[in-house]
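Colleague: I would like to learn how to read the layout of a fold. Could you walk me through this one?

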Amino acid sequence: ELWLFTTTLSSACQSIRSTNTREMSLYCHMLYALLEEKEENVYTLDQLMVILRRSEEYCLPQFIEEITELLSSLHTTGLIVFVKNNHAPGNSWVVARKEVLLTEVNGVLFAPDNFKEYRDIASNTGIISLYSLSQLFPQYSSDMLVVFLQYMELCQEISQDFLTFTNVMIKED
């Protein structure tokens, strides 16, 4: 009986220590719990790493690569939105509660004109400029908002050339 207990305990410890993504569920749960208990909804990866280093309650990896893998796993399950920046990983965005951001942003962007949240920002084509988006939501990165809205399939990025070519926008000289 002691041998069976020792073998089982050893196997469980090995599973926890393993860095195989299939066996990272404990870390994923801990990271998700940390994100859920925090007040903020949107973080950069650098901000999240500072929080992790200061946390005494959670024993999570301290390397950005490992945290990126965990965030990607949580993103794949749909629990969070992780907008990865390959050029500057620290500037990647973590949306902990996408429903909060979605309600806040969509409540303004798609509010009918008889709602208090309504803002007259879209032209008759439904196109909202990046400048207008950044003015409406100064607390968020406009790049992050665009990628988030694209991920939620609520917007499409349109090139300046396309707008000029289709006469939706007149080219300025």
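Predicted model: local features only at pLDDT ≥ 70, side-chain atom pairs only at ≥ 80, totals over all residues.

Colleague: How many bridges join E1 to E3, and which way do the two strands run?

Modeller: There are 3 bridges between E1 and E3 (residues 93-95), and the two run antiparallel.

Colleague: In what order do the strands form the sheet?

Modeller: The order is E1-E3-E2, in an open sheet of 3 strands with antiparallel pairing. E1 (42-44) and E2 (81-83) are the edge strands, each pairing on one side only. From one strand to the next, the twist averages 15°.

Colleague: Which helix packs on the sheet?

Modeller: Helix H3 (residues 45-54) does, touching E1 and E3, and its direction makes about 90° with that of E1.

Colleague: Now for helix pairs. At what angle do H2 and H4 pack?

Modeller: Helix H2 (residues 25-37) and helix H4 (residues 64-77) pack at about 80°, with axes 10 Å apart. Angles of 65 to 115 degrees count as roughly perpendicular, so H2 is roughly perpendicular to H4.

Colleague: Which residues make the contact?

Modeller: H2 brings Tyr27, Cys28, Leu31, Tyr32 and Leu35, while H4 brings Leu70, Leu71, Ser73 and Leu74. By class, this contact of H2 with H4 has 8 nonpolar residues, 1 polar and no charged ones.

Colleague: And the chain overall: how many helices and strands does its secondary structure come to?

Modeller: It comes to 8 helices and 3 strands, running α-α-β-α-α-β-β-α-α-α-α from the N terminus. Of the 173 residues of the chain, 31% count as buried.

Terms used: Residues numbered from 1 in each chain as written. Heavy atoms only, no water. Axes fitted to C-alpha atoms, helices over the stretch in contact; angles between N-to-C directions. Helix = DSSP H or I, 4+ residues; strand = E, 2+ residues; numbered from the N terminus. Parallel < 35°, antiparallel > 145°, perpendicular 65-115°, else oblique. Contact = heavy atoms within 4.5 Å. Nonpolar A, V, L, I, M, F, W, Y, C, P; charged D, E, K, R; others polar. Buried < 20%, exposed > 50% of the residue type's maximum accessible area, 1.4 Å probe, protein only. Pairing = 2+ DSSP bridges.
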